[in-house]
Protein chains: 2
Amino acid sequence: MHVSESNWTDLEKKIARTAFGEAYKREVAALLKQVREEAGAIAEVEDLWRLHNFLSAKRHEMEGKYDYSYSALIFIFAGLLKEGWLNMSDLEGLAQDKLAKVAALARM
Amino acid sequence: MHVSESNWTDLEKKIARTAFGEAYKREVAALLKQVREEAGAIAEVEDLWRLHNFLSAKRHEMEGKYDYSYSALIFIFAGLLKEGWLNMSDLEGLAQDKLAKVAALARM
């Protein structure tokens, strides 16, 4: 499934960047909404440390997940698709073999 | 300034425990209020990671500060007094020499 940078045309790179950015924006927006709601309901110090634990884990996860590299992009897109931050329509314009790989991985 | 457990009478221990608990409750209440307000104003992912950094530091600070031990209690009370989480009136009933030490340290 390894697809190196040379396998991406300029147009595909542009589409990939945009899709990646969109997924990130969507996930961040959902996260901010969730934190605002949870923080508003904080009543005890345990709730606060629970929020802290959640943010620690989320930050680590986001930093790992949104590390843009062409060799990992197929896997990244499959993951984002599975989690709902990306739709196949965001990837329109990529070569058919890439789309097929992403879709197959997302179903796993 | 070292005052070991044997230097505290039962009544003083009770007063100390209550004062310690009150300071903790006050600081926690202020912290919860601050986090609820700051979290409500979160607009970007940077704000979120800033909140995470703040909570990491605060948690570390609180765990260190509210570690109840008789040998450190004079210092703990002086610190809490200085930060405003404790008043001298909370310590009423402790021996004069302890009160004097706490007050002197809090002025440093």
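The axes themselves are lines fitted to C-alpha atoms, for helices over the stretch in contact, and angles run from 0 to 180 degrees between N-to-C directions. Helices are DSSP runs (H or I, at least four residues), numbered from the N terminus.

This is a predicted model, in which local features need pLDDT of at least 70 and side-chain atom pairs count only at pLDDT 80 or more, while totals for chains, interfaces and linings use all residues. Residues are numbered from 1 along each chain as its sequence is written, and chains are lettered from A and ligands numbered from 1 in the order in which they are written.

**Where the chains meet**

| Helix pair | Axes come within | Crossing angle |
|---|---|---|
| α1(A), residues 10-40, and α1(B), residues 10-40 | 8 Å | roughly 155 degrees |
| α2(A) and α2(B), residues 45-65 | 10 Å | roughly 125 degrees |

With axes crossing at roughly 125 degrees, α2(A) is therefore oblique to α2(B). The α1 helices cross at roughly 155 degrees, so α1(A) and α1(B) are roughly antiparallel to each other. On the α1 side, A:Val35, A:Arg36, A:Ala39 and A:Gly40 make the contact with B:Val35, B:Arg36, B:Ala39 and B:Gly40, where contact stands for C-beta atoms, placed from the backbone, that lie within 7 Å. Sorted by class, this α1 contact has four nonpolar, two polar and two charged residues. Here Ala, Val, Leu, Ile, Met, Phe, Trp, Tyr, Cys and Pro count as nonpolar, Asp, Glu, Lys and Arg as charged, and the others, Gly among them, as polar.

In the α2 pair, A:Trp49, A:His52, A:Leu55, A:Ser56 and A:Arg59 meet B:Trp49, B:His52, B:Leu55, B:Ser56 and B:Arg59. That contact has four nonpolar, four polar and two charged residues.

How many residues of chain B are in contact with chain A? There are 15, and they touch 15 residues of chain A. On the chain B side, α1 and α2 each supply at least two residues.

**Inside chain A**

Helix α3(A) spans residues 73-83, and its buried residues include A:Leu73, A:Ile76, A:Phe77 and A:Leu80; buried means that 20 or more other C-beta atoms lie within 10 Å of a residue's own, with C-beta atoms placed from the backbone. The cover over the buried residues of α3(A) includes α1, α2 and α4 (96-107) of chain A. Just after this helix, A:Gly84 takes a positive phi of about 90 degrees.

Note on methods. Angles under 35 degrees count as roughly parallel, over 145 as roughly antiparallel, 65 to 115 as roughly perpendicular and the rest as oblique. Two residues are in contact if their C-beta atoms, placed from the backbone, lie within 7 Å. A residue is buried if 20 or more other C-beta atoms lie within 10 Å of its own, exposed if 12 or fewer, and partly exposed in between; C-beta atoms are placed from the backbone.
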